[in-house]
Amino acid sequence: MQDVLIIGSGISGMSCAIRCAEHGMHATLVSPLPSERAQSVMAAGGINAVTLEHEGGDSVVGHIEDTLRGGAWLGGKNAVAGLCEHAEDIVRYLEKIGTVFSVDENGRPLMRAFGGQTHKRTHYCGSSTGKQIVSALVMEARRYEAAGLIDRRLGQHFHSALIEDGVCYGALMFDEGSEQLAPTYADAVVMAVGGQNALFGKTTGSALCDGYAVGRLFAQGAVLKNLEFVQYHPTTLETSQKRMLVSEAARGEGGRLFYRKDGERVYFMEDKYGRNGNLMTRDVVSREIDACGHEVFLDVSFLGEQTIDQRLPEVRDLCQKYRGIDIAREPIPVAPSVHFFMGGLAVHLNHETSIRRLYAVGECASMYHGANRLGGNSLLAALYSGWVAADDMAQAASVTRRPNFGTTAWQEQRQLDAMRDTRSPYPVMYTRDMLADTMRTQLGIVRNADKLNAGIASIEHDLEIAKQLRYDPSVSTYTNYSITAILSLARAALSCALARKESRGAHFRSDYPQSSNEFCAPTLISYNDGNYEVRLDEGWTYES
């Protein structure tokens, strides 16, 4: 029996674990907290699929074309085709395991319009689709736990992969309770660790998705891809602790963006892009908000209280709870914020990374979204990528030779223990806050060479300081040891953005405002002896 170690228990991790169990493999699902605390529960708007009940004129081909176009032609055609062609199967599967999608009075599925799409194809559960899917997957995973095919372990953090001669044999895990490192061996390892929110501090996502695992694997030899493509969601609400997502569902239901000038409302997106201007792709809307120079509002009040409570109840509750705004009577002040990372671990079509037997799924894997993700495609990709990885692992032979990494674990444990024996002159959290300020300023919605070079210089300085960071007793041991890998990932993202001398998708450079055929390929970056080596993927084609 194949034994698979899956790190991360959100939608992509659970999807992979359940699919492995269906193949008769054993999956160990590890994470710091339960699945109910994963970022996946925050996904509000819906999941894209062209089903039998599709809108007139829509088709799977249309979904593929919209996804490729939205990704500025950096999503491989074969990969995207696989994603879209399996979308209906995924929706039917979710219904079978208990996900309750919204329907009309005749029982037909309701679908929303989402930005960058030519038809309404976003299936939803009110505005809490992610929460509904997580709940259904948790119950399905428990069935396989009872059968002994899934083993769930909480309170554990990824420390590093166990790699020899380019093959992964498991992972070194850090246990929060004992503060000890221990090797966990497996026939394959799947990373399902989400995005890189800690690089930017206050975002719409979970602080648990901090980018450490990707940064650590980068230092261990994994190739990363498309790190410059960071999606800013155009409509978020400022709160004291984070940016709260005002779901694209609000605009999908007809919400209108405006700013006030001389006491009058200016519907700037509609003025510039026409009737559907509010549903332009997220990169376009974010740049227009950033450029308009006014406080921007999103109005849904004209939809009426009954429609809002039926279709946008979570948006109404969120605005009332965190800002005392009743969206049925007043507009919502919104601004762009970091929301999704198209870049991450480079993977093949089977979701295996550049390291054999090491896979990546969900947001930490760069595959389907190219230069910009369409709303509603992230939930689809999370589920589909888990299936693809599991199906591939089911065809592989079990490991016949397993090196002993006991010495590696002992050496790493000694370093952790030594770290606790000293105090740092530079607090770890101060360094993380400075990193977030740098990234928001220098890798924002609009970039240029001066900003990017300044960002690289700042991160280089922080990396030097990190060599002196030993232990901050006010935070967890994990937070202490994770800082260097997080800084390295930030340095890599800035390097990728500097190398891409054009504007494409979510990457906009004021010094290179046009797209260039020369750069119509993914960016790859490798780490070798302290050098960040950036290159375009010369072997990539649009048909990939």
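Predicted model: local features only at pLDDT ≥ 70, side-chain atom pairs only at ≥ 80, totals over all residues.
Let's start with F218: this residue counts as buried, at 0% relative accessibility. The structure holds 16 aromatic pairs. One of them joins F218 to Y527, with ring centres 5.5 Å apart and planes at 55°, so the pair is tilted.

**The F218 and Y527 pair**
- F218 is buried at 0% relative accessibility, whereas Y527 is partly exposed, with a relative accessible area of 26%.

**On from Y527 to Y532**
- Y527 also forms an aromatic pair with Y532, and this one is edge-to-face.
- Here the distance is 5.2 Å centre to centre, with 75° between the planes.
- Y532 counts as buried, at 16% relative accessibility, because the cut-off for buried is under 20%.

**A cluster of rings**
- F158, F174, Y212, Y478 and Y481 are linked into a cluster by ring pairs.

**Charges over rings**
- R143 places its charged end over the ring of Y144, 5.2 Å from the ring centre.
- R265 has its charged end over the ring of F258, at 4.0 Å from the ring centre.

Methods
Residues numbered from 1 in each chain as written. Heavy atoms only, no water. Phe/Tyr/Trp six-rings, centres within 6.5 Å; stacked < 30°, edge-to-face > 60°. Buried < 20%, exposed > 50% of the residue type's maximum accessible area, 1.4 Å probe, protein only. Lys NZ or Arg CZ within 6 Å of the ring centre and 35° of its normal.
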